[in-house]
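Please look through the sequence and the model shown here, and keep both at hand while reading the paragraphs that follow.

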Amino acid sequence: MGYRKVAIVGAGMTKFVRRALETPRELSWLAAKAALDSAEMKLDQVDSVVFGSAPDAFDGLHMKGEFVADGCGAWGKPYLRCYVGGGTGVYAIAQGWLHVASGLFDTCLVVCEEKMSTCQPHPQGAFLTIFDNFTEQPLKPNLLWIFALEQNRYMQVHGITLEEIARVSVKNKRNALGHPCAQLGAELTVEDVLKSEVMAWPVHRLMVSPTSDGAAAVVLAAEHVARRVTNKPVWIEGVGWCLDTAYWTNRDLYYPRYVERAARMAYEMAGIREPRKEINIAEPYDPFAYKELHHLEGLQLAPKGQAAKLLADGVFDRDGDLPATPSGGLLGVGNPIAAAGTMKICELFWQLRGEAGARQVPGKPRRGVAQAWGDLMQVGTVVVVGV
Amino acid sequence: MGSRVAIIGLGFTPARPTSSHQSYKEMMFEAAQRAYADAGIEAADVQSFVTCAEDLNEGLSIFDEYTPDQLGAMLKPMHTLTQDGLHGLADAALQILSGLFELVVVEAHSKASNIVAPDWIADYATDPVLNRPLGLNPHYIAGLEMQRFLHESGVKHEQCAHVAAKNRRHALRNPAAAYPAHLEAKDVLASPPAFEPLHEKEIARTADGCIVLVVAGEDRAHRSAAKPVWVRGVGWANGSFALESRNWAHPDYVRRAAEIAYRQAGIHDPAREIQLLEVDDTYAYKELQHLEALRVFPNAADAARATERGETQQGARLPVNVSGGVLGMGNLLEANGLARVAELVLQLRGQSGARQVEGARVGLAQSWRGVPTTSAAVAILGLE
Amino acid sequence: MSNSAEAPRTWRGNIPVTSLYTAGVGGTLFFRALKERGELLASPCPACKVSYFPAQQFCPHCLAELTETKPVPPDGEVSSFTRVHLDRDGARLPVPVTVVAAKLDGTDTVLVHYWLGKEPPRIGTRTRVRIKPKAKRVGSILDIEGFVPA
Amino acid sequence: MEGQPKNPRGTSLSSDDIKRGRTFLLPYTPRLEYAWDCGEAITRYLEELKNGRLVARTCHRCQRTLLPPRMFCEVCFRPTDDWVFVKDTGTVNTFSLCYVTWDVRKLRKPEIPAVIEMDGASPGMGIMHLLGGVDPKKVRVGMRVRAVWKPPTERTGSITDILYFAPLKGNGTAARRKRKGKR
């Protein structure tokens with residue numbers, strides 16, 4: 001399509017933990033340093049920096065982007081902080097892609113961080129205020145409501161069962177056992193998930209990702225730099241993002257049309273016509289178990305209402321036809337919001353280079369898609385990478 | 001793909017101390033309608049949107065949620081930058097230069113009047129471990145910086161007061177300014193001390209308002225209804241945020257941002273090649289500090305003398321902040337940079353009425369994100 | 001609130017959070033030395049030849065990990081100062097507070113803290129950090145009382 | 001082969017670590033307080049709630065009736081045209097039985113948040129509210145409901161002037177409209 005070629009040449013992340021000792025700035029630094037080290041690059045080779053993070057109320061810092069800038073290596077550099085709620089961690093890679101693809105910069109360090117444990121008594125205090133201040137907040141909603149409402153709608157329209165949804169938790173938490181950064185890897189059964197406490201029916205505790213602290217980062221480079229610093233560049237083939245209306249109660253929540261739009265934008269850029277055949281690995285966003293299925297449908301990797309069936313058939317297992325969330329995802333590795341999205345990009349980077357160790361998807365995968373979601377059931381962000 | 005970027009549409013609501021008749025959505029809708037009409041486009045023509053907003057200035061945990069509808073961005077690529085509107089313009093340029101889009105909208109606004117305890121919000125931006133426990137109004141950081149700046153530059157306090165007086169007077173001719181005033185330097189110095197050496201009238205007061213830009217690639221710009229104003233360069237940079245390690249006398253991040261913008265624009269001698277400047281003056285001394293960092297004057301002392309002699313006022317050789325600047329228009333939070341750009345667009349098009357600067361062909365806009373940040377952006381706009 | 005449908009209304013609300021900050025890796029080292037030994041730790045970056053005070057985990061110039069810390073003497077000089085007349089509500093303080101940024105000898109960065117001298121400081125004034133007695137130290141920047149004239 | 005990421009860092013703190021002073025913690029409660037301008041649409045919406053009515057805006061171009069009301073149509077990007085009242089009855093589009101409050105306290109009796117499509121608004125135009133006066137086990141998608149209002153003297157012009165939505169008498173899911181389901 002005539003875009004300047006941009007590669008991921010390094011990736012790094014922190015452990016995802018319930019409460020980290022490190023400050024937001026230190027977490028960002030750990031990830032940035034790990035990503036640079038993995039590319040054997042120095043900070044003075046970085047032309048521009050992108051930071052991604054979700055609500056300031058989590059880390060407890062107004063203008064959080066400014067505070068952490070020093071940890072991202074942004075001193076004396078062009079620095080942008082992008083923000084699309086939970087979709088940020090994948091969008092940030094698109095934002096970095098823009099920096100290099102524009103021709104204004106040859107390299108971009110992309111860092112995403114979240115420190116949710118700062119938020120007391122619980123991050124829900126910040127989530128309350130994602131709802132409309134005039135018409136919804138007075139009802140004292142919590143974050144679970146909106147997911148439960150969406151999950152119920154999704155189940156109702158397609159006749160999907162809780163057992164089918166519970167399988168996502170089982171798969172992802174098991175996959176996470178192979179991830180050295182994982183907070184919640186576990187060997188569970190569908191029964192365990194269904195027996196866990198009902199938080200907001202139909203959502204059970206083991207269908208929900210944890211709150212976490214952590215950071216993840218990647219280094220992007222233009223082709224001439226990429227070829228110099230690595231013999232295994234992972235190319236960014238497509239980026240897409242889309243924001244739906246804020247009036248979420250005016251939409252049918254059963255299908256994420258904004259994810260479809262974002263995916264189609266990225267696929268068109270990547271020249272992908274038949275996503276199910278042309279994509280080898282998917283890292284869909286899985287903050288709640290049903291979300292993975294919902295998003296696989298939005299990504300056109302399963303027909304509407306069919307993702308649960310394909311999951312039951314083993315298609316999305318690590319050794320299946322289309323492995324989904326081999327990292328272990330937000331359910332297993334953890335969910336420091338923006339960092340979790342970038343973790344998915346890191347996973348594709350390692351998988352496509354054959355460096356994922358115990359998590360390695362067999363068959364030399366050549367192309368992967370990562371996706372995140374955010375705001376009020378509203379944002380789709382998609383990145384396609386390949387070797 | 002065109003290799004250049006232009007502003008082809010501008011819409012705004014006037015800056016006002018309050019705007020109680022409108023919700024933020026209604027304010028954004030009004031400005032967007034004007035911008036699209038100005039550009040001769042429909043909202044449906046726009047391919048991508050950027051809003052510049054900070055959650056805690058809005059009072060919502062993920063403000064991005066509430067941005068698309070009133071801009072016509074539903075189901076389109078849209079995202080938020082938690083930065084100044086000039087960073088948003090930079091983002092639009094990236095999107096266009098990458099070849100991804102040819103028509104991008106940038107929005108920024110302020111509903112500062114809705115913030116009940118603004119200095120407490122700024123306090124929440126300070127380092128919680130090393131600085132915030134002192135329990136101080138965060139504007140003190142500007143007081144510390146000004147003291148060091150005066151010491152190193154040799155600029156006199158009275159010269160800073162001239163900046164405030166000039167910009168408030170400039171605002172008298174700008175119907176979109178919130179704080180016009182017939183003010184002299186002595187009135188500024190006579191205002192109560194706030195964060196000494198800073199006095200109250202040297203600190204910009206907040207205002208409400210919204211600005212929307214329609215930004216286009218070269219091919220699209222040539223087909224536009226309005227006269228394109230070319231973005232010849234745009235640069236942005238951060239300094240060290242930490243109070244401990246930042247440069248207290250010189251905003252090196254402004255210099256860095258300007259270097260990037262000048263390189264793109266091919267500008268070597270800013271004082272000769274730029275005829276009109278809109279720079280950040282959130283605190284009066286900042287205008288002088290920024291004029292030095294932008295290399296418009298060899299040093300701040302020269303900028304101060306020029307200001308004292310009236311050489312940076314309307315009608316003089318090198319007018320600075322004819323709009324009234326942040327002091328005269330009001331501090332529009334994330335919209336400050338776009339207020340600076342809006343003035344340049346109007347001036348370059350010859351639409352500035354009573355404050356029109358004759359013969360201006362190249363203008364510079366610069367923003368700073370206020371205390372406690374070290375974040376700035378610079379854009380060079382021109383008729384060619 | 002007016003009953004008229006014409007009168008513009010405002011709706012009040014807040015973001016109900018409390019933030020619980022950790023001192024971090026660098027901060028924990030610094031505050032432990034301060035609390036337990038009354039020591040002021042800096043961390044030098046050998047590559048950049050910059051000594052950061054207070055001690056921190058990494059160098060923001062080059063992103064190197066700072067593995068070494070060294071105690072610095074409490075003496076230094078005032079780099080800047082301000083007299084603060086307004087509190088965070090914007091109300092006038094009954095007694096203005098003077099704040100200084102001071103650079104300790106052998107370091108390249110400043111610490112911002114209260115000025116405890118009776119006379120106002122000047123730039124270049126020699127100064128000394130006054131630390132609270134051990135019994136009153138909790139591991140906070142307020143374990144330092146402020147700067148006094150040397 | 002050992003996989004990436006190799007030797008990841010990040011220091012987990014347990015509550016025991018904190019008790020034993022492995023780090024220092026600082027609490028701070030910010031003052032994040034706002035008085036938001038409601039503007040034309042929401043001022044009218046809230047005032048009409050005080051009158052026991054739900055008011056919407058119409059867009060003549062797309063022929064939709066928009067609830068909550070707004071002065072612009074997000075589909076057509078043009079000003080909306082008229083105020084119209086919609087009914088205070090509607091149909092449950094989706095719901096949850098939530099056993100946790102907004103600040104994560106447990107509830108024995110669940111709250112029942114729902115999206116309710118209001119009669120008189122365009123199809124699919126729902127609002128979020130709570131259901132009440134109903135056995136949680138009997139709540140169904142497609143259930144017909146009616147607003148239960150606070151007494152007029154207790155209303156303040158807030159969405160909470162509606163206490164909750166209760167089932168309409170004699171309905172199960174029978175009144176479910178035909179547009180429900182897949183699209």
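This is a predicted model: local features need pLDDT of at least 70, side-chain atom pairs count only at pLDDT 80 or more; totals for chains, interfaces and linings use all residues.

Which residues of β7(B) are buried on one side, and which on the other? On one side these are D208(B), C210(B), V212(B), V214(B) and A216(B), and on the other they are G209(B), I211(B), L213(B), V215(B) and G217(B), so that both faces of the strand are covered. Buried here means under 20% relative accessible area, exposed means over 50%, and partly exposed lies in between, with a 1.4 Å probe and protein chains only. The strand itself spans residues 208-217 of chain B, and 10 of its 10 residues are buried. Strands (E, at least two residues) and helices (H or I, at least four) are DSSP runs, numbered from the N terminus.

Residues are numbered from 1 along each chain as its sequence is written, chains are lettered from A and ligands numbered from 1 in the order in which they are written, and side-chain values use heavy atoms, with hydrogens and water left out.

Two strands are taken to pair if DSSP finds at least two bridges between them.

Chain C can be taken next as a whole. It has 1 helix and 10 strands, and along the sequence these follow the pattern β-β-α-β-β-β-β-β-β-β-β. Its radius of gyration is 21 Å, whereas a compact globule of 150 residues would have one near 15 Å; the value is taken over C-alpha atoms, and the globule rule is 2.2 Å times the number of residues to the power 0.38. Along the principal axes, the C-alpha atoms of chain C fill a box of roughly 70 × 40 × 35 Å. Of its 150 residues, 49% count as buried, and of the contacts in chain C with a separation of 6 or more, 51% come from residues 24 or more positions apart, where contact means heavy atoms within 4.5 Å.

Within chain C, 3 strands form an open sheet in the order β4-β3-β5, with antiparallel pairing. Its edge strands are β4(C), residues 50-52, and β5(C), residues 70-71, each of which pairs on one side only. Strand β3(C), residues 41-45, is joined to β5(C) by 2 bridges, and the two run antiparallel; L41(C) stands opposite P71(C) in β5(C).

The loop between β4 and β5 of chain C holds two residues of interest to this account. One is H61(C), which is partly exposed, with a relative accessible area of 40%. H61(C) is 13 residues from C48(C) in sequence, and their C-alpha atoms are 7.3 Å apart in space. Apart from its neighbours within four places in sequence, H61(C) is in contact with C48(C) and Y52(C), and also with L43(A) and W75(A). The other residue is P54(C), which is joined to F53(C) by a cis peptide bond with omega about -5 degrees.

Some backbone angles also deserve a look, since most residues other than glycine have a negative phi, and most peptide bonds are trans. In chain B, the peptide bond from E196(B) to P197(B) is cis, with omega near 10 degrees, and P197(B) lies in the loop between β5 (193-196) and β6 (198-199). N321(B) has a positive phi, near 60 degrees; it is found in the loop between α12 (300-308) and α13 (325-329) of chain B, and at 0% relative accessibility it counts as buried. K140(A) likewise has a positive phi, near 55 degrees, and is placed in the loop between α5 (124-127) and α6 (143-158) of chain A, but K140(A) is partly exposed, with a relative accessible area of 42%.
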